[in-house]
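Trainee: I would like to learn how to read a model like this one, feature by feature. Where do we begin?

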Amino acid sequence: MSSEPVSPEDTAVQLMRAMTRLRARLRTEAPTDDLPWNWSHLTTLHRIVQDGPVTATELAQAEHVRRQSMGETLAALRTGGMVTTAKDPNDGRKSLVSATPAGRTLCERIPAARQAWLAGVIGASLRADERRTLDKAAAIMNRLADSEL
């Protein structure tokens, strides 16, 4: 085995493959009536619930997508009754997006099922040192996601 570090390109490929596989598996762990919602719908809805009323532009920046893509995501969420929009009381030119009660319920239900599955697998499959490594990896992944580079 070589002591040379793995190249950033090789690490990027392996990380992307692993994230894609885990994301796909987590998607299957949602209740079947929640399956119409894709990953971008759910992450956007979660951010709206977490951050409170927010503009579509702010959401697009936070989710690292184009404004047009965010518009499509919000249209689907609005059609599904998960979000509503209202004029910004401080700037009537802007609209603020808020989660509906149904959207809030969905944000509670799906992550709970996925978290229960993932926690069970982590607890049953990983040693304590591997769990610590995974905790560090999660922190590093969040740092990468927030990087301005």
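Mentor: With the terms for elements. Helices and strands are DSSP runs, numbered from the N terminus; a helix needs at least four residues and a strand at least two. Keep in mind that this is a predicted model.

Trainee: Is Asn90 buried or exposed?

Mentor: The cut-offs come first. Buried means under 20% relative accessible area, and exposed means over 50%. Asn90 has a relative accessible area of 73%, so Asn90 is exposed.

Trainee: How far is Asn90 from Gln50 in space?

Mentor: The C-alpha atoms of Asn90 and Gln50 are 21 Å apart. In sequence, 40 residues separate the two.

Trainee: Let me step back to the whole chain. How many helices and strands does the chain have?

Mentor: Six helices and two strands. Along the sequence, the pattern is α-α-α-α-β-β-α-α. The C-alpha atoms fill a box of roughly 60 × 35 × 20 Å along the principal axes.

Trainee: What share of the residues count as buried?

Mentor: The share is 23% of the 149 residues of the chain. The chain exposes about 10,500 Å². Carbon and sulfur atoms supply 56% of that area.

Trainee: And contacts along the chain?

Mentor: Look at sequence separation. Consider contacts between residues at least 6 apart in sequence: 54% of them join residues at least 24 apart.

Trainee: Show me a case. Which residues does Thr55 contact, leaving aside its neighbours within four places in sequence?

Mentor: Thr55 is in contact with Lys94, Ser95 and Leu96. Thr55 itself sits in the loop between α2 (39-51) and α3 (56-63).

Trainee: Why does Thr55 count as buried?

Mentor: Because its relative accessible area is 11%, and the limit for buried is under 20%.

Trainee: Now charges. What is the general idea?

Mentor: Side chains of opposite charge can pair when their charged atoms come close. In this chain there are 20 positive and 18 negative side chains. The centres of the two sets lie 3 Å apart.

Trainee: How many salt bridges does the count come to?

Mentor: Five, with a side-chain nitrogen of Lys or Arg within 4 Å of a carboxyl oxygen of Asp or Glu as the rule. One of them joins Glu63 and Arg47, at 2.5 Å from N to O. This pair links distant parts of the chain: Glu63 is in helix α3, Arg47 is in helix α2, and they are 16 residues apart.

Trainee: Which residues are linked with Arg47 in a network of salt bridges?

Mentor: Asp51 and Glu63 are linked with Arg47 in that network. Arg47 counts as partly exposed, at 26% relative accessibility.

Trainee: Last, backbone angles. What is the phi of His64?

Mentor: The phi of His64 is positive, about 60 degrees, although His64 is not a glycine. His64 is found in the loop between α3 and α4 (67-79).

Trainee: Is His64 buried or exposed?

Mentor: Exposed: the relative accessible area of His64 is 58%.

Definitions and conventions: Residues are numbered from 1 along each chain as its sequence is written. This is a predicted model: local features need pLDDT of at least 70, side-chain atom pairs count only at pLDDT 80 or more; totals for chains, interfaces and linings use all residues. Side-chain values use heavy atoms; hydrogens and water are left out. Buried means under 20% relative accessible area, exposed over 50%, partly exposed in between (1.4 Å probe, protein chains only). Contact means heavy atoms within 4.5 Å. Accessible areas come from the Shrake-Rupley method with a 1.4 Å probe; for residues, only the protein chains shown count as cover. Lys and Arg count as positive and Asp and Glu as negative; His and the chain ends are not counted. The place of a charge is taken as NZ of Lys, CZ of Arg, CG of Asp or CD of Glu.
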